[in-house]
Amino acid sequence: MLTAVELGLVYAIMALGVYLTFRILDFPDLTVDGSFTTGAAVASISIVNGMPALLATALALLAGAAAGVVTGLLHTKGKINGLLAGILTMIALYSVNLRIMGKANVPLLGEDTLISPLREAQLTGGVVSILIFLVLALVLKFILDWFLHTDIGLAMQATGDNEQMIRSLGVSTDNQKILGLAISNGLVGLCGAMIAQYQGFADVGMGIGLILIGLASVIIGQAIFGTRNIFIATLAVIFGAVLYRVFIQLALDAGLEPNDMKLISAILVVLALVLPQWKGFNKFGRRMRTITNAAEKQKETVS
């Protein structure tokens, strides 16, 4: 179960990216399935060719951001529907990722990665590694929170809320969408790089269906903890990612096979969408949000 929590915290990086497009920009971005693998491919092939793991991971972030820019340009400048633009980029990235890796699978066994020190110290799957990944997820969360409260971030929120209104104030909504997609897919690419180093290989099919994981994390977390403000919403996304991995682990422990994971993911998304409409779940959600809000108010009082 600790390993599930650990993986959930790593996938929370990707979930934060999905939150940015899905909730903030109100953009159905399917680039995620491709940019996740792009991040993994770039990081893996760079590490194999002798590049330091930290630099390779940063390069993966930039590669993911570039994929997001392509989707943004197709949508804003090419006037292609957002959903279709993401699908087109995702399909194109499959071939691009194969070109980057040179083959369908790139092993990282014996290579120095960001996870190697933890693995050599036998800390993976334990409390120490969970704390490390939690700090990483929280640092990215706080950076995203800060960004969304800047002038550019507020304009991005307004673009998702009321595009015509913010455009009438002289804001370029096209630029906001391109920037948002770049940041989102940059986080997704970063997550792909971390997952590749964590599991010890990059595979061309590792990103298939990943958008389901991202959506499940966002919907589950926010259904329980709410979306009262950015701080709570992004924190809910992180908890949602962890809960998703825990649910998957429980399903596997119950006797389901790894091949059933996509089916489990789809069921979890359906439940996350349907359960909030039930009265009992709504009471539970309100109770959790009341506790969260009270804790936040107490924190503000202390400050």
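These are my notebook entries on a predicted model, taken region by region.

**Entry 1. Nonpolar core**

I began with the largest nonpolar core, which has 69 residues. Those with the most contacts inside it are Tyr-11, Met-14, Tyr-19, Phe-36, Phe-133, Leu-148 and Ile-195. I then listed the elements that give two or more residues to this core: helix 1, helix 2 (32-48), helix 6, helix 9, helix 10, helix 11 and helix 12. Helix 1 gives the most, with 13 residues.

I looked up Tyr-19 on its own. With neighbours within four places in sequence left aside, Tyr-19 is in contact with Ile-24, Leu-144, Leu-148, Val-218, Gln-222, Ile-230, Ala-233, Thr-234 and Val-237. Leu-148, one of these contacts, is also on the list of core residues with the most contacts.

**Entry 2. Largest pocket**

I next went to the largest pocket, which holds about 480 Å³ of space. Its lining has 21 residues, and the closest to the pocket centre are Tyr-11, Gln-199, Met-206, Met-261 and Lys-262. Two or more lining residues come from each of helix 1 (2-24), helix 9 (173-199), strand 2 (201-203), helix 10 (210-225), helix 11 and helix 12 (261-274). I sorted the lining by type and got 13 nonpolar, five polar and three charged residues. Tyr-11 turns up here by the pocket centre and also among the core residues with the most contacts.

**Entry 3. Helix 7**

Which residues of helix 7 are buried? In helix 7 (residues 151-161) I found Gly-153, Ala-155, Met-156, Gln-157, Ala-158, Thr-159 and Gly-160 to be buried. What covers them includes helix 1, helix 6 (127-148), helix 8 (163-168), helix 9 and helix 11.

**Entry 4. Annotated transmembrane regions**

I checked the UniProt record, an unreviewed entry, for "transmembrane region". The annotation covers residues 7-25, 45-70, 82-101, 121-144, 178-198, 204-225, 230-251 and 263-281. I compared two of these with the model. Residues 82-101 are 100% helix and 0% strand, with the end C-alpha atoms 28 Å apart. Residues 204-225 are 73% helix and 0% strand, with the end C-alpha atoms 35 Å apart.

Ala-251 sits in helix 11 (residues 230-253). Is Ala-251 buried or exposed? Its relative accessible area is 13%, so it is buried, the cut-off being under 20%. Beyond its neighbours within four places in sequence, Ala-251 is in contact with Leu-256 and Ile-264. Ala-251 and Ile-264 are 13 residues apart in sequence, and their C-alpha atoms are 7.8 Å apart.

Val-69 is in helix 3. I found it partly exposed, at a relative accessible area of 28%. Val-69 touches Ile-178 and Ala-182, residues up to four places away in sequence not being counted. From Val-69 to Ala-4, 65 residues apart along the chain, the C-alpha separation is 32 Å.

**Entry 5. Positive phi**

Most residues other than glycine have a negative phi. Asp-26 lies in the loop between helix 1 and helix 2 and counts as exposed, at 57% relative accessibility.

Lys-79 is not a glycine either, and its phi is positive at about 55 degrees. Its place is the loop between helix 3 (53-76) and helix 4 (82-101). Lys-79 counts as exposed because its relative accessibility is 65%, and the cut-off is over 50%.

Note on methods. Residues are numbered from 1 along each chain as its sequence is written. This is a predicted model: local features need pLDDT of at least 70, side-chain atom pairs count only at pLDDT 80 or more; totals for chains, interfaces and linings use all residues. Side-chain values use heavy atoms; hydrogens and water are left out. Helices (H or I, at least four residues) and strands (E, at least two) are DSSP runs, numbered from the N terminus. Buried means under 20% relative accessible area, exposed over 50%, partly exposed in between (1.4 Å probe, protein chains only). Contact means heavy atoms within 4.5 Å. On a 1 Å grid over the protein atoms alone, a cavity is a set of points where a 1.4 Å probe fits but cannot get out, and a pocket is an open set with protein on both sides within 12 Å along at least five of seven lines; lining residues have an atom within 4 Å of a point. Grid points are joined across faces, edges and corners, and a volume is the space filled by probe spheres set on the points. Ala, Val, Leu, Ile, Met, Phe, Trp, Tyr, Cys and Pro count as nonpolar, Asp, Glu, Lys and Arg as charged, and the others, Gly among them, as polar. UniProt positions are given in the numbering used here, feature names are shortened, and annotations may be inferred rather than shown by experiment. A nonpolar core is a set of buried Ala, Val, Leu, Ile, Met, Phe, Trp, Tyr and Cys residues joined through side-chain atoms within 4.5 Å.
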